[in-house]
Every structure is written in structure tokens, then in C-alpha cells.
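Here is a short briefing on one protein model. Look at the sequence and the fold first, then read the points below.

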Amino acid sequence: MTINERLKELRSLMSEKGINAYIVNTGDPHQSEYVADYYKGRIWISGFTGSAGTVVITQDEAILWTDGRYFIQAEKELEGSEYKLFKMRIPGYPTYSQWLNEKLKDGDTLGFDGEVFSQSSVESLEKEFKGKDIKFIDEYDLVGEIWEDRPSIPKGEAFIHEVKYTGKTGKEKIEEVRKEMEKQNIDYVLIGSLDDIAWTYNIRGKDVLHNPVVISYALISKNEAYLFVDKEKINSEVKTFLDENNVQIVAYEEIIDYIKSLDKNSKIYLDKNRINRWIYKSIPSECTIASGMDITTKLKGIKNPTEIENQKNAYLKDGVALVKFFHWLDKNVGNIPVTEMSAQKKLLEFRKEQEGFIEPSFGSISAYKANAAMMHYSADENSSSEIKKEGLYLIDSGGQYFDGTTDITRTAVMGPITEEEKRDFTLTLKAHINLGNARFLYGATGHSLDVLSRYPLWQEGIDYKCGTGHGVGFLLNVHEGPHGFAMVSNTVVLEKGMIVTIEPGVYKEGSHGIRIENVVVVEEDIKTDSGQFMKFETISFVPIDLQGIDVELLTENERTWLNEYHKDVFNKLSPYLNDEERAWLKEETRSI
């Protein structure tokens with residue numbers, strides 16, 4: 001079926017159910033950013049493959065909302081369908097709830113699948129429609145009813161993440177949760193977030209591509225801890241491990257019955273952003289519900305010393321793989337056919353050579369020339385540009401290792417580039433250094449520091465329509481909260497031990513895209529009468545292409561930063577390279 005034919009079938013179902021408008025979001029029952037194929041209904045019904053987006057369908061219109069990372073991609077992928085693109089956070093475009101409020105009249109019905117719709121989203125809609133008689137119908141997965149070749153629910157086995165990597169046992173983490181419960185007089189903590197559950201119980205899985213999580217729920221009381229999971233995923237070794245950590249295994253589908261049977265008049269803590277509508281509705285009305293960010297989210301976001309040391313080790317291995325890759329690219333482009341696809345496959349080969357490598361941490365963005373202007377471009381066998389000895393090539397990639405999750409971007413100069421490209425490359429580097437080299441007072445948030453990275457670009461009238469950086473999981477999701485750098489408000493204080501990316505860029509449609517990304521850990525710096533100051537320690541080491549830099553645009557401090565960084569790159573990575581690779585790296589990290 002074509003996209004428009006799918007819309008026709010969906011609208012027929014909507015008419016049968018008496019639904020005037022239907023929302024298809026990007027999500028699974030756990031409100032994950034990246035979901036198993038079974039839950040990619042929004043992609044199936046719209047044709048838009050980006051990781052973030054919301055579709056609203058009425059009998060007359062079909063609209064997709066997505067953010068600035070995907071504007072160019074969405075316009076291309078929606079071509080030929082009746083979908084219209086509404087750009088999130090761009091003046092002139094309403095939010096999907098505002099649009100619905102304008103379109104729906106008293107007595108109309110709004111449908112969505114409550115199993116994959118968060119409680120917070122429902123409450124936002126209720127607030128939007130306050131004073132209006134709009135009926136919600138949340139029991140139908142209409143896309144699922146017409147999706148004939150829908151993939152099956154994943155069945156990957158869980159595995160143990162050993163304490164030599166995690167630094168703390170599952171028992172210890174559960175007790176940390178219980179200490180917070182005691183402070184807030186909480187009887188139960190209900191967790192729907194898959195990476196929080198995996199981190200808390202020190203298990204990992206294979207249910208979501210690139211995200212080593214297990215589809216599950218967790219419930220922790222003052223004396224007991226439960227894991228609701230498909231029992232076929234738990235082998236005898238993992239079962240013994242969970243038993244040793246006092247975690248009881250219960251069938252995944254029993255979560256609703258367990259929640260319904262919770263002690264009356266008890267206090268339950270949950271995150272409405274990560275708990276779906278169906279689960280929330282099953283909580284007994286006599287219970288008190290306390291809502292906020294999952295307790296485990298902040299605990300997970302602040303890495304312990306063992307996690308940090310392991311993470312640094314993962315970045316050394318990743319750096320070696322990337323240096324080998326760029327050396328290979330330098331030798332072979334122009335001599336043999338190299339495409340975006342063959343290049344990212346070659347990089348994967350180098351990563352697979354590294355000890356403890358499991359899988360990529362996300363789908364690589366291997367983008368040549370104008371393709372790199374699409375922030376989340378994805379090459380495939382049908383559309384994979386050949387890389388030639390000219391212009392810019394961007395590779396954003398990462399790996400899942402037992403000792404950490406990596407994410408790094410470099411933009412390589414393949415041959416002659418324009419003065420504009422060179423200026424943009426240099427401005428991106430200045431933006432990166434300006435934030436990465438910052439000293440800031442404790443109490444600052446990523447929101448308050450984001451401008452440091454944008455400032456050099458803003459002076460030239462340039463901006464990028466995305467955040468500057470995100471937290472990174474530990475053998476978990478490559479995008480991890482609660483902290484990050486972005487213009488949108490974030491009140492989370494940057495704490496010692498938080499790991500975060502710094503990745504400013506320049507994206508010019510039809511021309512080029514440039515991004516320079518490193519990963520840093522928050523550390524304490526000097527302490528004065530003004531208080532405790534903080535700084536960032538860079539833990540990812542890959543050369544930044546000197547051919548792209550207009551040295552005259554760099555300040556003396558910026559040159560010093562780059563030279564010191566490149567000295568570290570060479571000293572840390574050269575022992576793991578052969579003579580030819582080492583000589584190549586020496587030239588790539590020369591002082592300027």
C-alpha cells in the first residue's frame with residue numbers, strides 16, 4: 001500500500017469508531033526515544049523515518065510535526081503523500097495540541113493508543129482542551145489493525161552487566177532508591193523507562209536496535225523489587241543473578257493486575273513522562289500518586305568513578321578504530337570506489353576489532369557534501385553517494401562496549417573546499433572550544449551554558465536547530481537525561497560525574513553540513529570566595545581535520561586548546577597503531 005492508501009484505510013477505521021482525529025506518536029509502552037520495529041507505527045503510516053515526530057490525522061488532513069534535526073529529511077520523505085510538515089518550535093507553526101484545539105469542536109472525539117501514549121501527554125491535551133467538550137478514546141491501536149506485515153515483538157535474551165563495569169551491585173542501587181523513598185515517604189516506585197530499569201538491576205538486553213535494554217517494568221517497594229518481563233528472555237544465569245540481588249521476576253503482562261492490587265492508601269512515585277496512559281489508569285483511586293523525574297534517572301546520570309574509568313577506556317578503543325578508519329579513508333578515496341555506505345561499514349569493521357565491542361550505539365550518519373546538511377541523514381543501498389577527493393564528509397557514529405557507550409562526530413576534508421566551507425568549519429571548531437574550555441560556577445545548567453557554543457556562530461548570523469549536547473548512557477541509550485545543552489529550558493544542575501556531548505554544527509541545505517563532537521565529563525575546578533567552579537574534561541580522542549581550519553580566525557587560546565588536544569590524541573592512541581598509521585596520526589595532530 002502507498003502512504004495515501006494507508007491513510008484511507010485508517011480513516012475508514014476512524015469513521016467506524018466515531019473518531020474525528022487520531023494521533024500517532026513516536027513511542028512504545030515505555031516512552032522510549034528509539035523503539036523496537038513492532039512499535040514503529042508512525043513510520044509506517046507516514047513514511048517519515050526520523051526518530052522523533054507526531055502525526056495527526058483527520059478525515060481531511062494529515063500532518064507531521066517534527067523538530068529541526070529532521071526538517072530537510074521530512075520534506076523529502078513526505079513527497080508524494082498528502083502529508084504536510086509542521087515545523088516544531090518555528091514561528092508560525094502551532095503545536096499539534098494547539099492545532100487540534102482549533103480544529104475540534106464540542107462533542108468531537110480524539111483517539112490515540114493509550115498503551116504508547118504517556119500520561120503527561122494526556123494531561124497536556126486535557127489542559128489544552130479545558131473548557132471544551134472533547135472526548136478521549138484511548139483503547140484503540142488503529143495503525144496496528146491495518147498493519148498487515150507488522151514485525152513481531154522482540155524476544156532477545158537479557159544478559160548481565162558485571163559489577164567490574166558498573167561499580168555498584170543491583171542491591172546497592174535498589175537501596176539507593178529506597179533511601180530516596182524514605183525521604184519522601186513513598187511506598188512504591190513504578191519505573192517504565194527501559195534504560196532506568198536496565199541500569200538499576202544491572203541487566204542489559206537486545207530488544208531495541210543499538211539500545212541494549214530489555215522491554216520490562218520495575219516496581220520497588222520498601223522490602224521487595226520486581227521485574228515484569230517476558231520470562232523467555234531470562235536464562236538461568238540471569239535468573240540466578242537477579243535472585244542474588246533480591247529481584248523477583250514476574251510475567252510482563254501481569255503488570256496491570258499487580259498495579260491494580262497495590263495496597264490501598266499507599267503512596268506511589270512515578271514519572272508521568274515515562275508511564276503510559278493504560279498503566280496510569282490502573283492505579284487504584286485510593287492511592288496517592290507522586291510524580292516527578294524517575295529517582296533512578298538522576299542516579300544513573302551521575303556516573304560513579306568505576307563507570308567513568310571504564311567509559312574513558314571505551315573511548316580510547318573507539319578512538320583507535322576511528323583513526324584507523326580515517327587513515328584508510330585517506331588512502332583509498334580516489335583510488336577505489338568508496339561510498340557513504342561502504343565507508344560506514346568499514347568503520348564498523350574497525351570497531352569490531354576492539355575488545356568488548358557489542359554493536360553500534362546508533363545508526364551511523366555517514367554523509368557526504370549536501371547530504372550532511374540533513375542532521376540525521378541515513379545512507380542506504382539505494383541512495384549512497386560516492387565520496388570523492390573534494391568537499392566535506394561527515395561521520396557521526398558510536399559503539400556499545402561492555403565498558404561504555406560512545407558517540408563522536410568528525411567532519412573530514414576530502415580535497416579542495418570553498419572558502420565558505422572553511423570558514424564554517426572554523427566557526428564550528430570555535431563554537432566547540434568555547435563551551436568545552438568553559439569554567440562555570442556550580443549550579444549552572446546546560447540551558448544556561450548552551451549560548452557559549454552558539455556565540456561564535458551567532459556573531460556570523462548562523463545557528464543550528466538542535467541542542468548542543470546530550471547525556472550519554474553507560475552501555476545504554478546514547479541519548480540520556482536528565483542533563484544536556486539546549487536552548488530549551490532545563491533546570492538540571494550539571495553535577496560532577498555527568499557525561500555529556502558537545503556538538504555544535506553548521507548545516508546549509510544543498511551545500512554542506514559540519515559537526516565536531518566530543519564527549520566530556522563534568523569535574524570540579526577551583527574553589528574561591530565565589531563558590532565551587534566546575535569544568536569539563538574531554539574523554540574522546542580523535543583528530544580534528546586541520547585542512548578545514550582557517551588558522552587566522554582562531555585566537556591564541558583556541559590554538560593552544562587545539563594543539564594540546566592533538567598532543568593528547570597522539571599520546572593516547574599512537575601505542576595501539578602500526579607504524580604507517582602512527583606516522584599518519586603524527587601529521588594529523590601537528591601543532592599549528
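Just after helix H14, Gly-334 takes a positive phi of about 95 degrees. Helices (H or I, at least four residues) and strands (E, at least two) are DSSP runs, numbered from the N terminus. This is a predicted model, in which local features need pLDDT of at least 70 and side-chain atom pairs count only at pLDDT 80 or more, while totals for chains, interfaces and linings use all residues. Residues are numbered from 1 along each chain as its sequence is written, and side-chain values use heavy atoms, with hydrogens and water left out.

**Helix H14**

- H14 covers residues 305-332, which is 28 residues.
- Its span from first C-alpha to last is 41 Å, close to the 40 Å expected at 1.5 Å a residue. The expected span is 1.5 Å times one less than the number of residues.
- Asn-304 caps the N-terminal end of H14. A side-chain oxygen of Asn-304 lies 3.0 Å from the backbone nitrogen of Thr-306.
- H14 is mostly covered, with 20 of its 28 residues buried. Buried means under 20% relative accessible area, exposed means over 50%, and partly exposed is in between (1.4 Å probe, protein chains only).

**Val-323, a residue in H14**

- Val-323 has its place in helix H14. Val-323 counts as buried because its relative accessibility is 1%.
- Leaving aside neighbours within four places in sequence, Val-323 is in contact (heavy atoms within 4.5 Å) with Pro-543, Leu-573, Leu-577, Trp-584 and Leu-585.
- Lys-272 is 51 residues from Val-323 along the chain, and their C-alpha atoms are separated by 43 Å.

**Aromatic rings**

- A pair of aromatic rings is described by the distance of the centres and the angle of the planes.
- Rings of Phe, Tyr and Trp (its six-membered ring) pair if their centres lie within 6.5 Å; planes under 30 degrees apart count as stacked, over 60 as edge-to-face and the rest as tilted.
- The whole structure holds 23 aromatic pairs. One of them joins Tyr-38 and Tyr-39 edge-to-face, at 4.9 Å centre to centre and 85 degrees between the planes.
- Tyr-38 is partly exposed at 22% relative accessible area, whereas Tyr-39 is buried at 12%.
- Tyr-217 and Tyr-252 form a stacked pair, 5.3 Å centre to centre with 25 degrees between the planes.
- Tyr-217 lies in strand S10 (residues 216-221), and Tyr-252 in the loop between strand S12 (247-251) and helix H11 (255-260), so this pair ties together parts that are 35 residues apart in sequence. Both Tyr-217 and Tyr-252 are buried.
- Trp-65, Phe-86, Tyr-93, Tyr-96 and Trp-99 are linked into a cluster by ring pairs.

**Charges over rings**

- A charge sits over a ring if NZ of Lys or CZ of Arg is within 6 Å of the ring centre and within 35 degrees of the ring normal.
- Arg-150 lies over the face of Tyr-38, 3.8 Å from the ring centre.
- The charged end of Lys-87 sits over the ring of Phe-71, 5.3 Å from its centre.

**A three-strand sheet**

- An open sheet has the order S15-S18-S19, with antiparallel pairing. Two strands pair if DSSP finds at least two bridges between them.
- Strands S15 (357-360) and S19 (404-405) are the edges, and each pairs on one side only.
- S15 and S18 (residues 399-401) are joined by three bridges. Pro-360 has Gly-399 in S18 as its bridge partner.

How values were computed:
A polar contact is a pair of N or O atoms within 3.5 Å; within protein, one must be able to donate a hydrogen and the other to accept it, and residues adjacent in sequence count only if both atoms are side-chain atoms.
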